[in-house]
Amino acid sequence: MTVTVSAALSDLRSFLHGLPGVDKVGVEARAAALATRSIKTSAKAEAIDLAIRMVDLTTLEGADTPGKVRALCAKARRPDPADPSCPPVAAICVYPAMARVAAAALAGSGVHLASVATAFPSGQAPLEVKLADTRDAVAAGADEIDMVISRGAFLAGDYTKVFDEIVAVKEACGGAHLKVILETGELGTYDNIRRASWLAMLAGADFIKTSTGKVAVNATLPITLVMLEAVRDFRERHGRIIGVKPAGGIKTTKDAVKYLVLINETVGDDWLSPDRFRFGASSLLNDLLMQRTKLTTGHYAGPDYFTLD
Amino acid sequence: MPKSVKSPAPEAVRLAVRKTYKLYIGGKFPRSESGRTFVADGDNVALASRKDARDAVLAARAAQPKWAGATAYNRGQVLYRIAEMLEARRAEFTALGVPGDEVDAAVDRWVWYAGWSDKIAQVVGGANPVAGPFFNISAPEPTGVVAVVAPASLLGLVSVVAPAIVTGNTTVVLTAGPQVAITLAEVLATSDVPGGVVNLLTGRYAETAPWLASHDDVNALDLTGVDHPGLAAELERAAAGTLKRVIRPRAATDFTADPGLRPMTALLETKTVWHPKGY
């Protein structure tokens, strides 16, 4: 089926509610089973480098300063200054107010610049404000936009409003990639997560992202599994490839590797690329670097030897 | 009224409660992540792996700021509490073959170090006279996370752990006498010692100690319990990679003697502060 911007509310609703329900016990058991896979030695080394290349190094604090953002950009370009073989991260993720500073610091590095927009993190603002926010970020140099959906509207069942907003933001993005944050921790059920994923993909998202990192429940393996399944089914039906970005709460190399296993077993290894999968994280990078150092030096690394920001 | 049939009392047979001596990491008693065990004097004992050592360092590091930030008075109270609990478990240690007077000496040693917690700063720190309008103050601070290769005896174990933790360090201790060490862990676990301040691993020194010696997040290494000179030298070399403090006694230590302040001061760093005098 095709849903266009002018789709009647009932069409979209009946499609989203016609999606098969998610087996909660099954999806959690599957995610837990895959999480027990053991990835060692050379496979682990490759997984770590891949995970580093997938990191959207993020700082979304009220206390962000141009200095902090520049320091983070330097880290993004060269995560481990002691080891030139360490790859750069995928992108830096900042507030629109910091996008100009970050764009200057990343110029020529190949590291993407993602900016959250659309009244992040709550999304509770008029559409004009959200669009202006988006255009601002793009004008400042962001080539990826992380938008939040209006959970209030989604939960109230006003799917067309959410759909139209995504379409409008996508248009405001111009050439920039659009990541749509579902804020899964506020959606309540796996069924809602599946519906929101489809809604975002139909509306033109390039990526679907779990969370803002600002609520109690962020990315989890089962939630990401549901989203990966949606992405897989969407490609089958529409031929378009959508990326997935879990964000928030992924702190250790072990966690990251579990996600990589999940990708490989759900959508296949062509999704094992920074173009199709990202980690929204900040502290994860240091743990990846420590594990990488452990593998290259043969002894355990300590946090004192890596920068905090 | 039905006639009650009184069966003969069965002979009192109780199944033996066989104990597995597990590790002590972060205030809990986990088995080795490797699942390995070994038999020591007929008891099943967890055989620590390098990953258990890694987990223990994480637990020690996590516990360190809060333990060092507790008041010296409070740390002294906790150490005294250990002495109380050890005293109460005296019979358990003598049943493991520890001589009674050694248990007494171990209790006394906890009490002795408990007293030092709020006095060591006055002895090794203080105000320095300087030729200028400054207050100049030196204060001892804990070194951080200390990896300890402990001697087998109870008194030896207490004599290396107590001076490390009394000043605010946290420890990862490789032990030789597993039953005694883990029984001491049971004392620590019931003594208000925060989880992670003392972590005890049972197993082979030669397997786990090198990982601790080379670990970037360990600040000091106490080799008192290493009796193989080759291993001690190897560990010292590995520790040099991160400039760890290393304690390596030249001769066998007599733990019954007065330990003096050296075991404490060896794991302290001096911070000196210059402060202008205002008018």
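Good morning. In chain A, helix α9(A) passes α10(A) in a right-handed crossing, where right-handed means that the near helix is turned clockwise from the far one by less than a right angle, and left-handed that it is turned anticlockwise. Helices are DSSP runs of H or I with at least four residues, strands are runs of E with at least two, and both are numbered from the N terminus.

A word on the source: this is a predicted model, in which local features need pLDDT of at least 70, side-chain atom pairs count only at pLDDT 80 or more, and totals for chains, interfaces and linings use all residues. Residues are numbered from 1 along each chain as its sequence is written, while chains are lettered from A and ligands numbered from 1 in the order in which they are written.

Let us return to the two helices. The axes of α9 (residues 190-203) and α10 (residues 221-238) of chain A come within 9 Å and cross at roughly 40 degrees. Axes are lines fitted to C-alpha atoms, for helices over the stretch in contact, and angles run from 0 to 180 degrees between N-to-C directions. α9(A) and α10(A) are therefore oblique to each other, as angles under 35 degrees count as roughly parallel, over 145 as roughly antiparallel, 65 to 115 as roughly perpendicular and the rest as oblique.

Which residues of α9(A) and α10(A) make the contact? From α9(A) they are A:Y190, A:I193, A:R194, A:S197, A:W198 and A:M201, and from α10(A) A:I223, A:V226, A:M227, A:A230 and A:F234. Contact requires C-beta atoms, placed from the backbone, within 7 Å.

I now turn to chain B. Five strands form an open sheet there, in the order β8-β7-β6-β9-β10, with parallel pairing; two strands pair if DSSP finds at least two bridges between them. The edge strands, β8 (198-202) and β10 (245-247) of chain B, each pair on one side only. From one strand to the next, the twist averages 15 degrees. Helix α6 (residues 154-165) of chain B packs on this sheet and touches β6 (145-149), β7 (170-175), β8 and β9 of chain B. The direction of α6 makes about 165 degrees with that of β7(B).

Elsewhere in chain B, β2 (residues 37-40) and β3 (residues 43-46) run antiparallel and are joined by four bridges. B:V39 stands opposite B:N44 in β3(B). These strands form a hairpin with two residues between them, and B:D41 in the turn has a positive phi of about 50 degrees.

Finally, seven residues of chain A are in contact with six residues of chain B. Thank you.

How values were computed: Two residues are in contact if their C-beta atoms, placed from the backbone, lie within 7 Å.
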